[in-house]
Amino acid sequence: MISELEMKISRDLLILVAVSFGLLVVSELLAPGFIEIDHLSFILEITAIVGTAALGQTLVILTGGIDLSVGTIMYLMLAIAPRLMREEFLLPFLICLAVGALVGAVNGILIAWARVPPIVQTIATMTALTGFIFIYSGGVSGAKAHPLLRAMTVNQIGPLHSCTVIWIILIIFFYIILHRTTYGRYIQALGSNPRASYLSGIKVKLTTFSVYTLSGLLSALAGLFFYGYANIPYYPSQTGGLGIDYAFSSITAVVVGGTLFTGGKGGPDRTFFGALFMQLLVSLLVMLGLPQALRLLVNGAILLVIVIIYKLLQKSIKLTKLS
Amino acid sequence: MVQSKLSPKLKKFATAYTVYVLLILFWIASSLFVKNFITLYNMVTIVIVCTSISLVSLGQNMVILTGGIDLSVGAVLSLATALASIFMKSDTILGVAVALAAGLLIGLFNGLIVSKLKIEPFIVTLGSMGIASGLALYLRPAPGGYISPEFINLVFYSIKIFDVNFPITCFLILVLTTIFGEIVLLKRNLGRMIYAVGGNEQYARLMGVPVDRVKIICYCISGLTAALAGLYISAMTRVGSPSVGDPFTLYSIIAVTLGGTSIQGGVGRYINTVGAAIIVASIERLMNQIGVLGIMGSWFTWIVEGIFLVIVIVLSMKVKGK
């Protein structure tokens with residue numbers, strides 16, 4: 001029964017891949033030159049930035065939680081990295097990642113041991129960090145990105161940019177962890193039934209803590225990619241909830257990929273396609289010359305349509321099982 | 001004897017209205033550190049900010065009580081200001097009606113998809129947030145438009161008390177919203193059904209509660225109150241703006257959870273949400289008044305709010321655990 005369900009779910013991954021290809025073909029027809037190596041690798045490069053954060057989000061959502069602070073951690077990197085990376089690269093780079101992991105760990109501790117609901121905890125973190133970022137940076141943008149960081153993000157390895165390569169390696173890495181290790185099975189079990197996982201001896205609290213820490217770490221990496229890609233850090237004059245749009249796009253990528261929002265089913269491979277699909281869509285809309293307003297609108301509508309399609313597919317599975 | 005009888009009562013009162021105890025402590029602490037914090041002028045400013053947050057939070061509170069969440073409120077608020085600023089050119093009432101209708105429509109849309117298709121509210125309202133903010137940005141790409149003066153005068157009708165302009169209507173809106181929320185949630189059937197749905201949806205269904213209808217009504221109210229807040233903000237800023245509502249989604253969730261409503265639904269009271277909204281507005285006022293920090297002061301607001309939220313939630317978890 002489970003294998004049948006899994007087969008059906010992997011069928012909707014195939015649908016997503018097919019739709020992505022369809023989107024590519026339509027894009028090429030509407031805007032010739034869309035399917036060129038340069039353009040495609042450029043799309044993958046942008047996707048890798050949010051995609052890295054979405055990877056951490058995937059792990060969190062798999063356990064049945066949610067992390068709204070990923071975008072804020074990305075902006076935190078834009079605030080601290082320019083001040084740390086003056087001459088040296090490696091040590092400040094590791095410090096930045098550690099800071100991200102630390103923020104994630106604070107989330108994890110309060111969610112796992114103090115039992116604060118994830119959505120409330122990560123909103124609180126987002127809120128507090130927003131204040132911190134502006135006070136720390138003074139709202140002034142810092143120096144240009146370190147040449148090595150820039151190389152780590154935009155240099156090309158074959159047709160792909162280096163951040164894309166790192167992203168894909170990370171996705172494969174976490175795919176293997178999820179499907180081949182006990183820890184990975186813990187994560188999936190936690191999402192499908194936390195009570196049963198606890199009773200069967202899974203270290204629920206430690207696993208919960210670890211996914212939020214990983215999410216913080218990966219968001220920090222995403223933030224550094226962002227810095228390397230943009231070269232000059234900037235802060236939008238947003239009031240409150242800095243980076244919430246990035247948090248939302250990471251969640252969108254995960255959900256569009258077909259990972260269950262309630263946890264338990266899905267994985268990094270799906271997030272890869274989810275993130276890519278959303279970016280392809282945005283690129284197509286930009287190429288068609290749609291204003292930002294209509295792009296927002298289409299994005300929202302597409303998210304709803306895809307989620308509804310997934311739901312209907314699930315329902316049809318249940319119906320065929322009954323008959 | 002009297003003492004021992006009184007103290008459990010007091011304790012019960014303090015646990016039921018933790019937010020207000022916190023608010024008073026916060027006010028006392030602030031007035032110790034900052035001269036002239038408790039002034040009529042400051043209180044008026046707090047009421048003006050608090051009214052908008054309370055309005056959005058009313059709908060958000062109902063939705064969260066059913067176990068859902070509404071991320072679209074901020075975008076609906078912006079859309080309402082945009083629509084009002086367009087349609088008020090021809091007629092004030094038309095502008096108000098169109099803005100409210102848009103809010104109601106988006107709420108209805110959310111409610112239908114959440115209840116009939118059983119898709120997670122977070123995702124549904126994330127999608128409709130995109131649609132609403134896209135529409136707002138399309139209709140009014142930059143802040144501007146026309147908000148009729150008689151509407152502004154009506155919403156901010158004020159009289160002078162001790163040299164301070166006291167906005168009566170605004171204060172009245174806050175009081176009426178609070179009373180309305182309390183009555184609907186505690187004294188009406190709808191309220192009881194909302195708590196039942198949030199407490200345990202399956203039991204509620206078995207007991208004959210029309211779960212779907214309750215949810216749809218809650219999302220409709222949420223869209224409507226967000227649109228009302230949009231009208232209020234458009235009177236305050238005198239323009240329609242495509243992004244003015246963005247922070248309100250967070251504000252409303254913070255106010256509702258800070259007020260002790262459980263994010264899983266079923267537990268909480270609107271009057272405490274209003275208390276939390278007053279706290280949020282007070283923190284903002286205090287930070288603006290601390291002149292030393294200059295512009296940076298407003299950013300401290302966010303740090304304090306974030307830390308406040310965690311402390312209160314952790315404390316309330318501890319209390320419930322015992």
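In this predicted model, helix α4(B) passes helix α5(B) in a right-handed crossing. The two helices, α4 covering residues 73–87 and α5 covering residues 92–116 of chain B, pack with their axes 8 Å apart and at an angle of about 155 degrees. Because angles over 145 degrees count as roughly antiparallel, α4(B) and α5(B) are described as roughly antiparallel to each other.

**The contact between α4(B) and α5(B)**
- On the α4(B) side, the contact is made by B:V76, B:L79, B:A80, B:L83, B:A84 and B:F87.
- On the α5(B) side, the residues that take part include B:L94, B:G95, B:V96, B:G103 and B:I106.
- Sorted by class, the contact of these two helices has 12 nonpolar and 2 polar residues, and no charged residues.

**Chain B as a whole**
- Chain B has 14 helices and 2 strands, and its C-alpha trace spans about 70 × 60 × 30 Å along its principal axes.
- A compact globule with 322 residues would have a radius of gyration near 20 Å, and the 20 Å of chain B therefore agrees with this.
- Of the 322 residues in chain B, 51% are buried.
- Among contacts in chain B with a separation of 6 or more, 75% come from residues 24 or more positions apart.

**Where chain B touches chain A**
- In this interface, 40 residues of chain B are in contact with 40 residues of chain A.
- The elements of chain B that give two or more residues to this side are α6 (121–139), α12 (246–258) and α14 (297–321), and α6(B) gives the most, with 14 residues.
- The residues on the chain B side divide into 28 nonpolar, 9 polar and 3 charged.

Notes: Residues are numbered from 1 along each chain as its sequence is written. Chains are lettered from A and ligands numbered from 1 in the order in which they are written. This is a predicted model: local features need pLDDT of at least 70, side-chain atom pairs count only at pLDDT 80 or more; totals for chains, interfaces and linings use all residues. Axes are lines fitted to C-alpha atoms, for helices over the stretch in contact, and angles run from 0 to 180 degrees between N-to-C directions. Helices (H or I, at least four residues) and strands (E, at least two) are DSSP runs, numbered from the N terminus. Angles under 35 degrees count as roughly parallel, over 145 as roughly antiparallel, 65 to 115 as roughly perpendicular and the rest as oblique. A crossing is left-handed if the near helix is turned anticlockwise from the far one by less than a right angle, and right-handed if clockwise. Two residues are in contact if their C-beta atoms, placed from the backbone, lie within 7 Å. Ala, Val, Leu, Ile, Met, Phe, Trp, Tyr, Cys and Pro count as nonpolar, Asp, Glu, Lys and Arg as charged, and the others, Gly among them, as polar. The radius of gyration is taken over C-alpha atoms; the globule rule is 2.2 Å times the number of residues to the power 0.38. A residue is buried if 20 or more other C-beta atoms lie within 10 Å of its own, exposed if 12 or fewer, and partly exposed in between; C-beta atoms are placed from the backbone.
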